[in-house]
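Subject: Structure for your review

Dear colleague,

Please find below the structure for your review. My findings are set out after it.

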Amino acid sequence: MGCFRCSGRSSKRSERSNNNSIKRNDQTRTTSGSLKVKPFANVKEEGTSNDDQLSLDVKNLNLVDEVSKNVRNNGKLAQTFTFEELAAATGNFQSDCFLGEGGFGKVYKGHLDKINQVVAIKQLDRNGVQGTREFVIEVLTLSLADHPNLVKLIGYCAEGDQRLLVYEYMPLGSLENHLHDLPRNRQPLDWNTRMKIAAVAAKGLEYLHEKMKPPVIYRDLKCSNILLGEGYHPKLSDFGLAKVGPSGDKTHVSTRVMGTYGYCAPDYAMTGQLTFKSDIYSFGVVLLELITGRKAIDQKRDHGEQNLVAWARPMFKDRRNFSRMVDPLLKGQYPVRGLYQALAIAAMCVQEQPNMRPNVSDVVMALNYLASQKYDPQIDPVQGSHKTPSRHGPKKDNDRSAGNVSPESNGDS
C-alpha cells in the first residue's frame with residue numbers, strides 16, 4: 001500500500017533516540033529497517049476494548065496509586081483508534097511516513113480518514129515494561145491537560161500487545177532540529193524567534209506546575225521535546241516520564257532517576273528527590289542552548305566545554321564574557337541588554353541549589369518581557385565583529401552557514 005498521504009520530505013522530530021538518556025538504555029537501542037507487522041492481523045484480544053486494556057495496564061503496572069483520582073474522576077480520556085485504522089493511516093507504517101525514532105518507539109506521519117486530519121503516530125516498542133508504563137502515564141496525563149503550549153493527544157490504541165499514541169502533527173519538527181547541526185539550506189533562528197520560543201515554552205511548563213490539577217513535574221524537558229508548529233509556535237511533548245508533584249507538606253517526590261544527561265538537575269540525579277525546581281534546571285539548559293547555539297552535551301568539543309552548564313557557570317561571573325557566549329550564527333544581530341537579561345535568567349535556573357532557582361511564574365514574567373522587546377537589525381545596532389570560534393570549534397570548519405535572517409521569511413522547515 002502506498003503512503004501517498006505522507007508524501008513530501010520527512011523531518012526528524014523530538015522523538016528521536018538520544019544516546020544520553022539516563023536509565024533508559026533498554027529502550028533506546030537503534031533498530032534497522034521498518035517494523036515488521038502483519039497488517040490488521042491478531043492485534044486485538046477477543047472481548048477486550050481499548051479502554052479495558054488501558055485499565056489492565058494500569059493494574060498490571062501497579063499504577064493505580066500513581067494515577068491521581070483527579071484523572072479518573074475528572075479526566076476525559078482521548079478517543080480510541082483501532083490498530084487497523086492507524087495502520088491504514090500510515091500505509092502499514094511505510095518508510096515514506098517515518099518521521100523519527102525515540103527511546104520508546106518509532107513515529108510516523110499519517111492521515112486519519114475518520115477525523116480527516118494529518119497526525120503523528122508513535123508506535124511503542126513492544127519489548128520492555130517501561131514503554132507500556134510511559135504509554136499509560138502519557139495517555140492519562142495528556143487526557144487531563146488542555147493548553148495551547150502542550151502538544152495535543154488526539155487518541156491512542158491499546159490492542160493486544162500494540163500500544164500507539166496519536167498526536168497533532170507539528171510541521172516544523174523539534175527545536176533541536178532548528179538549533180543544532182543545521183543543513184546548509186536552513187537559516188538559523190533569529191533572536192526574536194528564540195526569545196518567543198523560550199517564553200511560550202515556559203508558559204507550557206507553568207501550566208503543568210501551577211494550573212493542572214494535580215500539578216505535574218515534566219521530568220524530561222529538552223530541546224528535542226519542544227515541537228514547533230506554524231510560525232515557530234512551540235509546544236511541549238512526550239510526557240511519559242511525567243510525575244504528579246508533591247502535595248501538602250511534602251517538598252519532593254522520591255523516585256527512580258530518569259531523564260536525559262545534560263538536562264537532569266544535579267540534586268535530582270544524586271538523591272532521587274524530584275521537585276518542580278528539577279524542571280526549572282532543565283529549562284535553564286534549554287534557554288542556554290537557545291542563547292549559545294551549543295548542545296547540552298557535546299562530546300566533539302574540548303573536555304572543558306562538553307557540558308554546557310559546566311562551561312557557562314564560570315562565564316556568568318564576568319559580563320565581558322557574555323558576547324563570547326552568544327551563538328555565532330546570530331552574527332551580532334541581538335540586543336546587548338536582552339542578551340544580559342536572558343543569560344541572567346538562565347544562570348538563575350541552573351543554580352546548583354534547587355531553592356535558589358526561581359519559580360516558573362517568575363521565569364514566565366521575565367521571558368514575556370524579553371520577548372516583547374523586539375530586535376530590529378535595520379534599526380538597532382549590530383554588535384561588532386568579535387573573534388568568535390564556530391559553534392563546533394576549529395575542527396568543524398566545514399560547518400555551514402549563511403547569514404542570519406528571520407525564520408518567518410524562510411520557506412524551509
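**The chain as a whole**

Please bear in mind that this is a predicted model. The chain has 413 residues, of which 56% are buried. Its secondary structure amounts to twelve helices and 14 strands. Among the contacts with a separation of 6 or more, 72% are between residues 24 or more positions apart.

**Packing around helix α8**

Two packed helices are described by the angle between their axes and the distance between the axes. Helix α8, which spans residues 276-292, is described here against α11, α6 and α9 in turn.

With helix α11 (residues 336-349), α8 packs at an angle of about 150°, and the axes are 7 Å apart. Angles over 145 degrees count as roughly antiparallel, so α8 is roughly antiparallel to α11. The crossing in which α8 passes α11 is left-handed. On the α8 side, the contact involves Ile 280, Tyr 281, Phe 283, Gly 284, Leu 287, Leu 288 and Ile 291. These meet Leu 339, Ala 342, Leu 343, Ile 345, Ala 346 and Cys 349 of α11. By class, the residues of this contact of α8 with α11 are twelve nonpolar and one polar, with no charged residue.

With helix α6 (residues 191-211), α8 packs at an angle of about 170°, with the axes 10 Å apart. The pair α6 and α8 is therefore roughly antiparallel as well. From α6, the residues in contact are Arg 194, Met 195, Ala 198, Ala 201, Ala 202, Leu 205 and His 209. Their partners in α8 are Phe 276, Asp 279, Ile 280, Phe 283, Leu 287, Leu 290 and Ile 291. The contact of α6 with α8 comprises eleven nonpolar, one polar and two charged residues. Ile 280, Phe 283, Leu 287 and Ile 291 of α8 take part in the contact with α11 and also in the contact with α6.

Angles from 65 to 115 degrees count as roughly perpendicular, so α8 is roughly perpendicular to α9. Tyr 281, Val 285, Leu 288, Glu 289 and Thr 292 of α8 make this contact with Leu 308, Val 309, Trp 311, Ala 312 and Arg 313 of α9. In the contact of α8 with α9, seven residues are nonpolar, one is polar and two are charged.

**An annotated residue**

The unreviewed UniProt entry carries a "binding site" annotation that covers Lys 122. In the model, Lys 122 is found in strand β5, residues 117-124. Lys 122 counts as buried because its relative accessible area is 6%, and buried means under 20%.

Glu 159 belongs to strand β6, residues 153-159. Its relative accessible area is 4%, so Glu 159 is buried. Glu 159 and Thr 82 are 77 residues apart along the chain, while their C-alpha atoms are separated by 7.5 Å.

Leu 142 is located in helix α4, residues 129-144. With a relative accessibility of 7%, Leu 142 is likewise buried. Leu 142 and Ala 78 lie 64 residues apart in sequence, and their C-alpha atoms are 8.2 Å apart in space. Leaving aside residues up to four places away in sequence, Leu 142 touches Val 151, Leu 153, Tyr 167 and Phe 239.

- Lys 213 and Pro 214 are joined by a cis peptide bond, with omega of about 0°.
- Asp 238 has phi near 65°, a positive value in a residue other than glycine.

Yours sincerely

Definitions and conventions:
Residues numbered from 1 in each chain as written. Predicted model: local features only at pLDDT ≥ 70, side-chain atom pairs only at ≥ 80, totals over all residues. Heavy atoms only, no water. UniProt positions renumbered as here; feature names shortened; annotations may be inferred. Helix = DSSP H or I, 4+ residues; strand = E, 2+ residues; numbered from the N terminus. Buried < 20%, exposed > 50% of the residue type's maximum accessible area, 1.4 Å probe, protein only. Axes fitted to C-alpha atoms, helices over the stretch in contact; angles between N-to-C directions. Parallel < 35°, antiparallel > 145°, perpendicular 65-115°, else oblique. Left-handed = near helix turned anticlockwise from the far one by under 90°. Contact = heavy atoms within 4.5 Å. Nonpolar A, V, L, I, M, F, W, Y, C, P; charged D, E, K, R; others polar.
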